Amino acid sequence: MEHSGERNRVQISQATADLLAEAGFSHWMTPRESTLYLKGKGNMQTYWMRKNKPTRLATLDGQSTQAETVATAANSELTERSEDSDSEEKMDKTERLVEWTVTVLTSLLQQIVASRGGVLQDIKSLSAAESATGNGRTVLEEFVPIIPLKRFDEEELRRRQNPSSIDIGNEVRSQLRKYLLIVAGMYQDNPFHNFEHAIHVTASVKKLMARIVNMDEGNGLEIKNPDIGMDSFDLSDLAGHSYGITSDPLTQFAVVFSAIIHDMDHPGVPNSQLVKENTRSAQIYKKSVAEQNSVHLAWDILMSDKFSALRACIYQTESELRRFRQLVVNTVMATDIVDKELQALRKARWEEAFSNDELTPESVDEGVVSEDRKATIVIEHLIQASDVSHTMQHWHIYKTWNEKFFMECYGAYKAGRADSDPSENWYKGEIGFFDFYVIPLAKKLDSCGVFGVSSDEYLNYAKANRDEWVREGEAIVQSYIAKFNNKHQSE
């Protein structure tokens, strides 16, 4: 097969293709146009790995998870490139996004290690706890209404080691990069729910996290290196406010991590369609299918022995492991905004936590439980706002991502994976989405009192985009349809 390959393309055999298809990753490959004649074997069908997949998947030992099996099978047939050609080629878009994400998460890992006084030890003693995490329950069954966050007193925060002095080591950085390349590779080639969307959501999470302020004390976050800006991600919460979010870097890391993995392997159709098609994942999860599947896959990969150094950097104790897992579960599950039961639960919890007009420390329902409840809800609304952040940004950003989502939904309809034509109600549907979800969500960002000027910014953009859509939306939808038809007629 080596002699029949092409430059910068990965060719795999029928056996490997069968493994990928069996594991549910047929979207990773496309059949080669013609069969190959191999001496002693005759004509054989081979496949190309899709170009948007990363070319540096980490080899994973063992057969413990479906994700490991798939990654190993694919990796075994990656085409080797010479060092010269590799150095001459520019990183593709996926690799650039991965490198940006490595920088963001590395900074947060430095924060985590600094919060532990620089302790970074082997975690073999946690192997039983890691194996037990999530076993026997679905991801949704792990959801809790209140996540107990770690509290740091003022003196602990003042003594905290400067994160920039922490060296997490080349092994951790290498494992982090390999992990993120695998995550990127497990995003399907959808117009909207793809790895670029995940990074767009991550950037919004990062921005909102950097804007978190205390409602009555001013900044809850201090950027200690203004020359670097938000990339420094140096957190300070000396007053112990912002509901404890900014003082615990593990919380910060978990939320950013969740943004990165929240749509892994998203099939490009809603959960209701997966249930209707009775897919394997729908049979397992019943509801919030895509979200639960994303957590399951991302966690399985992270638990591989190949990422033990990375995990040791994230958590050192069983308590930290449990908190990290719970934050990931709650944060990713919050991105299911369609399930009515989950929506009603979130609304009730919001009312319980933020029912008072005057949000002061003297408000009713004081104490650590109250603070944790508020923190949990703020995190969930932060990821929800970030997941649709394009609706609360500049018009051209909104229009770009709205078109991507239309193309995904319209393409699913044309492929027979939707009952109704989305173009017929897209114009009115967007207005309703602004009126009943986006604008109320932006108002909640403001009323919870921790996001500072970002809450006003998001609300103002949401209103402006809604007004512009009312004026231009009908013509824009027609342009979407024409663009879709032209593209597919030419293929």
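Predicted model: local features only at pLDDT ≥ 70, side-chain atom pairs only at ≥ 80, totals over all residues.
Local features need pLDDT of at least 70, side-chain atom pairs count only at pLDDT 80 or more, and totals for chains, interfaces and linings use all residues. Residues are numbered from 1 along each chain as its sequence is written, and side-chain values use heavy atoms, without hydrogens and water.

**View 1. Helix α12 (residues 289–302) against helix α14 (residues 318–333).** The axes come within 9 Å and cross at roughly 150 degrees. That makes α12 roughly antiparallel to α14 (an angle over 145 degrees). The crossing is right-handed. Helices are DSSP runs (H or I, at least four residues), numbered from the N terminus.

View 2. The contact residues divide into eight nonpolar, one polar and two charged.

**View 3. The largest cavity.** About 40 Å³ of space lies here. A cavity is a set of points on a 1 Å grid over the protein atoms alone where a 1.4 Å probe fits but cannot get out; lining residues have an atom within 4 Å of a point. Leu 105, Leu 176, Tyr 179, Leu 180, Phe 253, Phe 257, Leu 302, Leu 310 and Ile 314 form the lining. The largest share, three residues, comes from α7. The lining has nine nonpolar residues, no polar and no charged.

**View 4. The second largest cavity.** Its space is about 30 Å³. Phe 143, Met 333, Ala 334, Leu 342 and Arg 346 line this cavity. Four are nonpolar and one is charged.

How values were computed
Axes fitted to C-alpha atoms, helices over the stretch in contact; angles between N-to-C directions. Helix = DSSP H or I, 4+ residues; strand = E, 2+ residues; numbered from the N terminus. Parallel < 35°, antiparallel > 145°, perpendicular 65-115°, else oblique. Left-handed = near helix turned anticlockwise from the far one by under 90°. Nonpolar A, V, L, I, M, F, W, Y, C, P; charged D, E, K, R; others polar. 1 Å grid on protein atoms, 1.4 Å probe; cavity = no way out; pocket = protein on both sides within 12 Å on 5 of 7 lines; lining within 4 Å. Points joined across faces, edges and corners; volume = space filled by probe spheres on them.
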